[in-house]
Every structure is written in C-alpha cells, then in structure tokens.
Number of protein chains: 2
Amino acid sequence: MPVPAANPLIDDRDVELLLDDALDLVGLTRLPYFADHDRQTFALVIDSARRLARDVLYPAYRPMDEQPARLADGRVIVHPRLRELWPRMIDLGLTAAPRPHEVGGQQLPMAVASLATVYLMAANLSAYSYVGLTQGAAHLLEAFGDEHLRATYMKRMYAGTWSGTMALTEPQAGSSLSDVATTATPTGDGHYLLSGSKIFISGGDHDLTDNIVHMTLARIAGAPAGIKGVSLFCVPRRRPAGDGGDRLVDNDVAVTGLIHKIGWRGLPSLALAYGERGDCRGWLVGEPHKGISYMFQMMNEARIMVGLNGVATASVAYHESLAYARTRPQGRPVAAKDPTTPQVPIVRHADVRRMLLRQKAIVEGGLCLLVRASRYADVAAHGDVAATRERARLMLDLLTPVAKSFPAERGFEANALALQIHGGYGYSSEYLPEAWLRDQKLNSIHEGTTGIQAMDLLGRRAVAGGGAALAALADEVGRTAARARTAGIDAAHADAVERAVAAVTALTAELGGRGLRGDVDGMMSHATDYLDLFSTVIVAWQWLELAAAARERAARDATWHDVAAAKQAALRYWLATELPRLGHLAALCRSAEDSYVALDPDWL
Amino acid sequence: MPVPAANPLIDDRDVELLLDDALDLVGLTRLPYFADHDRQTFALVIDSARRLARDVLYPAYRPMDEQPARLADGRVIVHPRLRELWPRMIDLGLTAAPRPHEVGGQQLPMAVASLATVYLMAANLSAYSYVGLTQGAAHLLEAFGDEHLRATYMKRMYAGTWSGTMALTEPQAGSSLSDVATTATPTGDGHYLLSGSKIFISGGDHDLTDNIVHMTLARIAGAPAGIKGVSLFCVPRRRPAGDGGDRLVDNDVAVTGLIHKIGWRGLPSLALAYGERGDCRGWLVGEPHKGISYMFQMMNEARIMVGLNGVATASVAYHESLAYARTRPQGRPVAAKDPTTPQVPIVRHADVRRMLLRQKAIVEGGLCLLVRASRYADVAAHGDVAATRERARLMLDLLTPVAKSFPAERGFEANALALQIHGGYGYSSEYLPEAWLRDQKLNSIHEGTTGIQAMDLLGRRAVAGGGAALAALADEVGRTAARARTAGIDAAHADAVERAVAAVTALTAELGGRGLRGDVDGMMSHATDYLDLFSTVIVAWQWLELAAAARERAARDATWHDVAAAKQAALRYWLATELPRLGHLAALCRSAEDSYVALDPDWL
C-alpha cells in the first residue's frame, strides 16, 4: 500500500486564513497591550510551534501512548521522551505568552496563542497538557496571589522550572464542588495545614520538574457549608525549607493511586492524600471562602483550552484519514463494474467524501469558533473602549459552553469517522485513529460535563443581561452575513444563518420567560437539546465567515481557489445537513415532552 | 460508595415480553419444523444461557480483555479461562440449535436462539464468538457441502470438537470481495492446492479445539475476473492424514500476524498465509465460481449476528450505567440548593435519566428488531404457506441492513453515554464501560460497513420487487398500530408511526424512480441519510409494539405496571426526539444537495 503523506496535524492554510482574513487577528495589534506585535511576530510564534509539533512532539505521541506513566516507590515516573519534550516546549515561551511583560509574558493575543498551541495539542495532547496546566495554575497566582506567592511560585511556573496542577476534584466531589471536604487548619505561621483526598489530578505527580504546585480547593476549619466555604490554596509538592536558600523539603502530598486512563496516557491522573503525616502546608490564595469564584474566573480560559484540545484531537485524526483515503485502493465507482480495472482510492467513493467533509466541517468550524472565543477574551481584557470590552465579555461568556462542548461531542463523532474510514485497520492499535478516539472522550467529561455546559448555557449565559448576549450575537452574525453577501456567497446562505440566530433568540426568550414564571424545570428539561441546536447555529456562523474570507482571499490570489471551494462545500454541507435540525430541536425544547423528566428510575 | 447491583446483562422482563407477548414466538410452534417445542422448552434454553452468561462468562470478561491472545512459536495461545468456557458453551447446544435434527440440531426457532445467545454476547462477546463463527462456518457446509465435507467437518463443528472461521478478507480485498486473489489449483485427487494471504480472520488460530476449519474464498486457476470467479473452499488448519484413522496432519496454513484489535480482545484476529510450502489443501464447497453467492445466502444470518452483538454490547453497558446512576451520589436537585443536605444519586438528575432512557430506547428497540428479524428468518425457512414464507423473506431482506447497522451506530452512541454517566471513573479502565465502547466499534465495520449497508438498503432491498417489500412493511406496521390502539396506546402514537412508514414509502418510490430514469448517483447520494431515517422509523415501530405488548400484559398482571410505564416512556421519547428527524432527512435525500458528491478531494 502506498505510504500516506506525513500528518500536517492542522491545515496550515486554514490557520493562515484565520490569522489574516477570517478573524482580523492582526487588527488586535492596534490595542496598546498587543502593540509590540505585528503580523510577522504572530507568524513566527505559530511557525515555531508548528515545527516543534511536527518534528518533535508528534513522533513521541505513539511511544507515550503505548507506555504510560508508572508508579515506583510512591512516585510517578513519566515516559523518558518527556524529558526532551518539556524544555523544548518551555523554550517556545508559550507558557506565559499572553501574560503581561511584568510577569515575564509577551503580551501575545490569546487568539494567536491558540493557533500556535493547537498544533502542539494535535501532535501530542498529553505532552502539551503539562504546559497548559502549569499556565492555568500560574495564572491563578498571578490574578489572586500575593507577592510572596507570585515571587516564589508563579515566576518559576511561568519559567517552566516548576509545574502546576488544578486540584479540585475529590472522590465525593466531582461535578459538585460545593462538597469539597479537604480541610485547611490555620497556624500562626502564615500557612495552613491541609488534610484530605484529591482524585483525578492530572499531572499530580511526575519526575519532570523539581517541584509541582497544586492549586487546591479546601475548606478552612469552621467555614460555611457549600461553595461559599471553599478557599483556594497553593500547596507545593515540596516547599522551601525556610532557611533562606533554595532547598526544598517534602510537603506531605502523597500519591495514593494512579488512575488507568484510557487516553491522554502520557499525562498521569492521580489520587493524592494531603497531610497523612500532618505536615502538609498550604498558603491561602486571595481571601478566604472565595476559592470557587476565583476558579470560575479562570473557567472560561480552562474551557477554551478543553475545546481546543477537542479540535486538535479531531484534526489530527481527520488528516490521517484524509491521507489514508487518498492512498488506500478499494472497490470501484458505482458506474464502473469491470473487475479487471484497477481499484480506486476510497476517497473516490461518495460516502467516504461525506465522512471527510463532515470531519472537516467539525474540525475547522470548531477551530474558527475557538480562535474567535480567544479573540473575545483578548478584547474583553484589553479592549480600548469599555463598551467594546463589555461586548466581548458577553460574547465570550455566551460562546464558552459551545466552545467547550461542541469539539468534545462532535469531535468524538469526527474521531469515530476517521477510524471508520480506516476500516478493519482502524480497529487496530497498529493505526493511530483509535488512540485519538480514546483521547477525545475525556473532553466531554472534564472541566464540566456536556450536561453541565448545557445547563450553564441555557440557565445562565444565554439569558444573561436580559437578552443582551443574544442581541450581541445577532449583531456579530449580522456583520458576518453582510460580509458574506459582499464577498459573493449565495445570499440564501447568509439569510439562513441570520434566520437561525433569530430563531434561537426567540426560543431563548420563550424558555427564559417560562423560567421567570417559575417553571424552571420546564425551561431546563431540554437543555441538552438546546445546547445542540445552539452549537449547530454557532458553527454555521463560523462556516459563513470561513467561506466568505476564503472567497475574498481567492479573489485576490488565485492559488486560494481550492481552499475557497472546499470552504464553500463545507458551508453548504453544514447548512443543508445540520442547520435544518434546528426546527425539530426548537420544537422539542418548547414542548412539554417529559418522557425522561417524569421517568421514575425504579421503572427501569 | 455503595456497590452497584450485579449486572443482569439483559433485562429479563424485556426478554419475557418479547417471548410471550410482543412477537408471539410461541406461535412458531404451530409450524411443523418447530413442533417439538413449547413455551417451556424455549424458557429452558434461554434460562440455561442466562445462567451460564451471568455465572461463568461474565466473570471471565475482564481478564480476557486485559490479557489478549498471544503468539508463541507461530501459533496463537488464547486466554486460559477460555478452556473452561468453551465446553460449557458447547454443552448449551446452541451451536446447532436452530438446525434440523438430522444434522444434530434441535429445530429451535432462530428468534428463541437469539434471545438466548444475546445473554452470552452481553456477558463475553469474544468468548461467544468462537461459537457463533463455528456455527456460521458449519452452516455453509450444511447448505452447500457434499456428504464428505458434512461428515468430516460440519458434524464435528456443530459438535464443538472443531471450530470454524470465515476467511474472506485479503489485504487488497476487504469491502471489495471481487478482488480476492488467493488461488486454488485443482489436483487430480479431489482437492485443490491453495495459495494466498488472508487478513482479519477472527479466531483464525487458537489452541481451543483440535482443529480449525477455514471457509475460504479463493479463485480457481483460470476463473473469470470479479465476483463471478470466486469459489468457496473448506480449508482445515489440519487435515485428515488420509490413512483411514483420526490422525490429522498440518495443512500449511501459517499465522503471519496477530492484529492488535482495540476490542473483542479475547478473540484473536489473524493474518494467515495459505500454502507457503505448497501443501495447503482445500476442498471445493458446492460448484465452482459460486463462492460469493453462497456467502451471500448466509449474509443475512451473519449480519443479524452482528446486530445482536451490537445490542448485547450496548445492553450490558446500559445496565452498568443504570446501577451506577442509582448508587453514585453527586449534586442536588436544581430546586434544592442547601449544601448541608445529602447529595442525591445521579439518577435523580434529569439529564442522567435522559442518557439512561436513550440507551434503553436503543438497546430494547434494537433487541426487539433483532428478534423480529430472526423470527422472519424462521418463517421464511419453515413457514407452512408459500406466500407466508415469501412475505417473511421480503421482510427479512428489508430489515437486515437496519438490524446490522442500527445497533452498531446507535449502540456506539449508547455505549458512549454509559461511559459518560460514569464521569471521570468511566474514563478509566478500572470501570468496564470503556471496554464495551471499544468492543462496539467493530460492529460498524465488519460484515459490511455502515456505508455499504446503506447502499444495499436503498440500492437493492428497499426497491426490491417493485415496492413489494415496503408494501409488506406497511402491512406489518399496520397490524402493530391496530394492536396498539386496541391496547389503549395513544392513537396519535400509532398514527405517527404509520404516517412515517407512508413517508418512507413515498420517498423510496421517488428515489427509486430517479434511479430508473438513469440518475443512480442522484438516487444514492444520500444513502446514509436514508438508512438513518429508515432505521429511525423501524425502531419506532418496535417501540409501538413493545409499549402495546407491555400494556396488554400489565392489564392482565399488575406486577407489570412498571415495565409498561417504562416502555411507554421510551416510546414517547423515541417518537418525540427521533421520529421528527424524518422530515429533514427525507428532504435531504430528495434534494440535489451535492456538497460531498461534487467535492474534489484535491481541495481538501
């Protein structure tokens, strides 16, 4: 069989289109915070990540999947390849890239950082996650920690000397963080003594850095019950000895179990025990009892990272299946039955092209959404006008549940299609699509399950500000529609997307009204269907933007003709196949259909 | 955490309902072929299988998944537990159960055998598959083999002394069997010498039986190209020495590779080389060049077995997630936010019940369909009136692609939901849902991919006999609708299902007409959407039958109230959530939407 082309991980021209045309990222450099950058520095950052991803991270993916981290003498030993990868990733400077100069950052737009990191994620999700987790943990300290914590921990984490984790989940408190039971007892020495159990702590132990800093939720003795009694602590695996030097001593955080995850196998997930010897010290971050609110201020960022993981994992599999479909001969066209003619590559079969175009629609529609959400985060934080910042914040809040869950749910479907295209070979671990399918499944679970995203979207974000978020959405989509019409995209396509947004707005008003009249259960009973339809419309919007941008570019530069034609095909596919589901799903959300709501579990 | 209840694998009361009420299986005993049976013998067969499944096969599932078969000195060593399981499964007598007395069978209806074997599959898919494969291979010899082959091979295979395989696929000939290249050279001694390579041969080698008989497709030297030159051979791993005794000698079938499948890990999948030493003997089965047609006569049977695998694999996961949801405390009802109250089992959350009811709808709707298809197979073979046999054959042919693909596609979705309900735990191999998810994925690939089922349904079966198949379907569904109305099911439900069948019929006529006018590509371009909508309607029919039957039973026996209530909920769920997709999918099938048909793969 011919050897398929090397996997590009992410389509470079799609990235270029997002950077230059679709989302006007260079326009961000007009904002003072990003003023040191230009198109060239953006391209350099992306290109460095791309090269590291292809040349270094991707070749290590399979070995790391095949040989997960292991426990030895109570400590985790990671795959030896990670020792080479970690410094190379740190050298890219992405850990603190979007952060301000004063903390060692580069003031790079998140949107550009997303375009760079998506290559790393696609190449080797586990390897990149050490960086992503460290970034998130350090950012918490940057935002809420005092000078001591920032100087001791944040600085080293952004520099990649130490790594970080998020230690939220406990065996009895997964989705329900109000049930966190780890305790923190104050001492007179400025620190607390922690005691309790954490579980599913990604990167919770390893031998990659000198120290690991756990951003830990715990309850100060005497705190109120529920989320209003949960505080955030900085709990290092090893703490400074306190003798003025750099010496570190063990901080009584023990590994009590290694979870055998089905994917992300290069990144260990651990059960940890704090304070088994009564000597686990933690330092309060910010004020007491505000841990959950601090975490939630970082949540959009974390959820966008999960969404990007999902896009990346679907993308690498899409490209693998595309290369396979182009080279694997099997069967003949329906009309050409002569068995003495050579077999054709399976990409010639319409149903295989359907599976490819569907993957493309999910992957590139998802990437556009994630970069757009990142851009809103940039403007929300650094916009020059208060109204612009507020609009961007509204949009970011509205899009986050979709950006988190769409790549997880549809990405899983896309990953299954990539396996399917590989036929019997896809069902074996000799080929990689099955590994990416395993990786993808986590994204519908961590950082809030899909069910929780659905309740968050309908119950909070879509009805926020009395409809202000949806009004902003309609306005943003309206701009895209106008652009598409000008670019020469079939006006019917632009109309369809605008009509769909109007339908979502009307539906949301009706459901919100039901809630306001006291029927919250009725409002929320089809929240998952609502998330599905909302996501379908949001992704239709991305495709309108992508098709318009590609057409504009192709008008200037004929070498973009093929890109524009493929974007146009994906837009048509999405509008014909997915958008019409809206009517049925909206009817379901409005209906009194209560089959599972009313279901007595004892009947099952 | 409380320990969930033992997994029942399959819902016993659902099986009882199918046996006694929904599908009138006892009515089959009025046919002479089945006359030795009665309700009690049926129940005995099912109960023996159920007990073996729960007590013996299920406890071996995890060890077999964890420790797959391995190669040693060119031969496959299976998991040691299989040595205990194999004779126990053979003792059940299911290998030849539906076959006639004269070949050692019990003349048991396939429909009843399906209800028995589905427990075995749910308990341990790999273990059962050795039996299923042997049954299929022996049946080929029974149907098409001469006396010598039947006496030497078939008899021992039905008795479980030897096992069997289907050796169709080659590296260059997977879905395209017309490209089979293995050659068979005639000798003057009644046998052929085979030479070639096979791949993905399930159970193609193992140390479980004294001999393995490969039903092998090969091309006789000088045969025409394409499927009309492919013949069927009986090729044992070891052949009788020919000295009149029972001695066996090696038949030159070598193991050249062990495929590392992601599921079904108790059943090795192998690459085999025939005739590396020029001494691989095969015996022609039936006439030359008819191998594909023989295989296709067994295809409905094989596809129904795959469908049953899918139902079984979704069922065991459904029950696991149901038990988990009943015992795992997490969170509180939306209206009860007091954090000092105990957490509730997650089954109390509406979205978890949605995921459970969806699984139930797929699993039990699928099982009803598979048993119904099996019943048609029984009547097609043994009906007392030619017209009845013909009607049953039409229905069996029509339903087979749905029976094969629906449990594979929607079952995969159901398996993913079972994992999702387990949250972070579901993402680990400490829990079993991930293993069943892996198992399930094969069912959309083997015995004809879903894409191939779709083309088979729309291109051949649905348009068969100038609409006779769909007329028969409408008639059968009409009976169910009448029954449902009499039983007191909401008439709107019965009307909706009847209308849906009428819509499918109209759509099929339109698409078939397009094909007859020469636009075969236009007819077939949305074949996969057609399969999706067709399956949705067929499963709606099953739910109408199940709800009606349960209501009838509950009217006679109040202890069935809960069963009836749950069936009613699943019917409502399917009709409200799935059936309305019909309009959109039918429009898509009718449309000229050609995004992927027209897509030039070079654009991607």
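This is a predicted model: local features need pLDDT of at least 70, side-chain atom pairs count only at pLDDT 80 or more; totals for chains, interfaces and linings use all residues.

Q: How is the crossing of α8(B) and α10(B) handed?
A: α8(B) passes α10(B) in a left-handed crossing. Left-handed means the near helix is turned anticlockwise from the far one by less than a right angle, and right-handed means clockwise. Residues are numbered from 1 along each chain as its sequence is written, and chains are lettered from A and ligands numbered from 1 in the order in which they are written.

Q: What angle do the axes of α8 and α10 of chain B make?
A: Roughly 25 degrees, and the axes of helix α8 (residues 291-327) of chain B and helix α10 (residues 386-421) of chain B come within 8 Å. That makes α8(B) roughly parallel to α10(B). Angles under 35 degrees count as roughly parallel, over 145 as roughly antiparallel, 65 to 115 as roughly perpendicular and the rest as oblique. The axes are lines fitted to C-alpha atoms, for helices over the stretch in contact, and angles run from 0 to 180 degrees between N-to-C directions.

Q: Which residue classes are in the contact of α8(B) with α10(B)?
A: There are 15 nonpolar, eight polar and four charged residues. Ala, Val, Leu, Ile, Met, Phe, Trp, Tyr, Cys and Pro count as nonpolar, Asp, Glu, Lys and Arg as charged, and the others, Gly among them, as polar.

Q: Okay, α4 and α6 of chain B next. At what angle do they pack?
A: About 50 degrees, with the axes of α4 (residues 81-91) and α6 (residues 125-144) of chain B 10 Å apart. α4(B) and α6(B) are therefore oblique to each other, and α4(B) passes α6(B) in a right-handed crossing.

Q: Which residues of α4(B) and α6(B) meet?
A: B:L82, B:L85, B:W86 and B:M89 from α4(B) meet B:A127, B:Y128, B:Y130 and B:V131 from α6(B). By class, that contact has eight nonpolar, no polar and no charged residues. Contact here means C-beta atoms, placed from the backbone, within 7 Å.

Q: Over to chain A. How do α10(A) and α13(A) pack?
A: Their angle is about 160 degrees and their axes lie 9 Å apart, with α13 covering residues 450-461 of chain A. That makes α10(A) roughly antiparallel to α13(A). The crossing is left-handed. Among the residues making the contact are A:D397 and A:K404 of α10(A), and A:D456 and A:R461 of α13(A). The classes are four nonpolar, three polar and five charged.

Q: How many helices and strands does chain A have?
A: 19 helices and twelve strands; these are DSSP runs numbered from the N terminus, H or I with at least four residues for helices and E with at least two for strands.

Q: And where do chains A and B touch? How many residues of chain A are in contact with chain B?
A: 74 residues of chain A are in contact with 74 residues of chain B. Elements giving two or more residues to chain A's side include α8, α9 and α10. The largest share, eight residues, comes from α18(A). By class, that side has 33 nonpolar, 25 polar and 16 charged residues.

Q: Last one: what does the C-alpha trace of chain A span?
A: About 80 × 60 × 60 Å along its principal axes.

Note on methods
Two residues are in contact if their C-beta atoms, placed from the backbone, lie within 7 Å.
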